[in-house]
Amino acid sequence: MSVFAGKHILIVIENLPAPFDRRVWQEASTLKENGAHVSIICPKMKGYTKSYEVIDGIEIYRHKLPLEARGALGYLLEYSAAIFWEFFLSWKIFFKRRFHVVHGCNPPDLIFLTALVFKLFGVKYVFDHHDINPELYIAKFQRKDFFYKLMILFEKLTFKAANFSIATNESYKEIAIRRGGMNPENVQVVRSGPSLKRLKLQKPNLSLKKGKKYLVGYVGVIGEQEGLDLLMQSAKIIKSKRDDVHFAIVGGGTDLEKIKLYAQEIGVNDIVDFYGRVSDEKLLDVLNTADICVNPDKPTEMNNLSTMNKIMEYMALKKPIVQFDLKEGRASAKKASLYAKNTEVEDFADKICELLDNEEQRVRMGEYGYKRVLNELSWEYESEKLVKFYSKILKVTQENLDITQERKLEQVK
């Protein structure tokens, strides 16, 4: 297909590398498959350290970051370095091949600073809203200080600079319209739907159960707001009642070592395996073996309004879910999940045991979730929304380019 032939789209990511960021890589691949030339600027991290490479026809430019931030000062250093490199590399790419769109993926809400300059040349800025940063700041630091006020300001300026905005769910769309003042016609929901080409059903690897009857799986980031401490407390409760359950934790993050120590302190390290960041092959091995999967995200406003990729990945592999009762978590999973009372680890543990002891319920919930992904939430479905929205975006850009060309011809005459 060549819907976007002759168009160049620059995607900017600050907090994850490509192709590690699955949502961004799916977006980039879809745009490439539809004829666009796609370039990506992102940091060097998580094993992706080449300054430049081409993967599947997509050009990737990576830059160094001084550190993986913790604390307000750390984020200030990280973001300052990222802004410098994004500005430098975007000009390098622009001189090499002029782009028509800057597609900025937050966090942070600072990519508009780079996009503003190129808007003078008729380039459109598309804001891909991954995280609500004011709420994320509160979740991380539990305070509304000077830096929180900066988050509010940067969000407002981002929406003001954006020509179009992509929201990951209806809650984010409402924020773009209400807080950002965006025209509803210029905001499109494109969920981070799982790719069924990547998430394949396969036979379980029983050795991962470490001799136990059941395996409880988790995949995702391990940070302060992800609630792994609550999951460890639930594991302790389960261990006190039965000895047939093992836990598999897949993912990395700033709190991984802290959670490992905590598991040891409360005496559950013998029933929990921490795999860290793994290949897709290993991830599929673990999740296909799990009898149920969990999402212990804490009930912060950030988590309440955000769609978590892991929920739909669990559903794509026919896994029943236990999670706390959060708005967007329920909107994604619906009947594929049981919902524990927020932060009540005993209820979370009870819901896990309820599912483990009822195979018929597990199968029914797993099938419901799989069909929901297959018919409504998969990337194969969501990608159509992205293509349709970009058709609108690039049509506007083309009109501007036509006007510019006509003016140049008139000057020549």
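D56 sits in the loop between strand 3 (52–55) and strand 4 (58–63); strands (E, at least two residues) and helices (H or I, at least four) are DSSP runs numbered from the N terminus. The model is predicted, so local features need pLDDT of at least 70 and side-chain atom pairs count only at pLDDT 80 or more, while totals for chains, interfaces and linings use all residues. Residues are numbered from 1 along each chain as its sequence is written, and side-chain values use heavy atoms, with hydrogens and water left out.

D56 is not a glycine, yet its phi is positive, about 55 degrees. At 60% relative accessibility, D56 counts as exposed; buried means under 20% relative accessible area, exposed over 50%, and partly exposed in between (1.4 Å probe, protein chains only). K210, in the loop between strand 8 (187–189) and strand 9 (214–219), also has a positive phi, near 50 degrees. K210 is partly exposed because its relative accessible area is 44%. Most residues other than glycine have a negative phi, and most peptide bonds are trans.

| Peptide bond | Omega |
|---|---|
| A18 to P19 | near 5 degrees |
| P107 to P108 | near -5 degrees |

P19 belongs to the loop between strand 1 (8–13) and helix 1 (22–33). P108 belongs to the loop between strand 5 (101–105) and helix 3 (112–119).

F88 lies in helix 2 (residues 71–96). With a relative accessibility of 45%, F88 counts as partly exposed.
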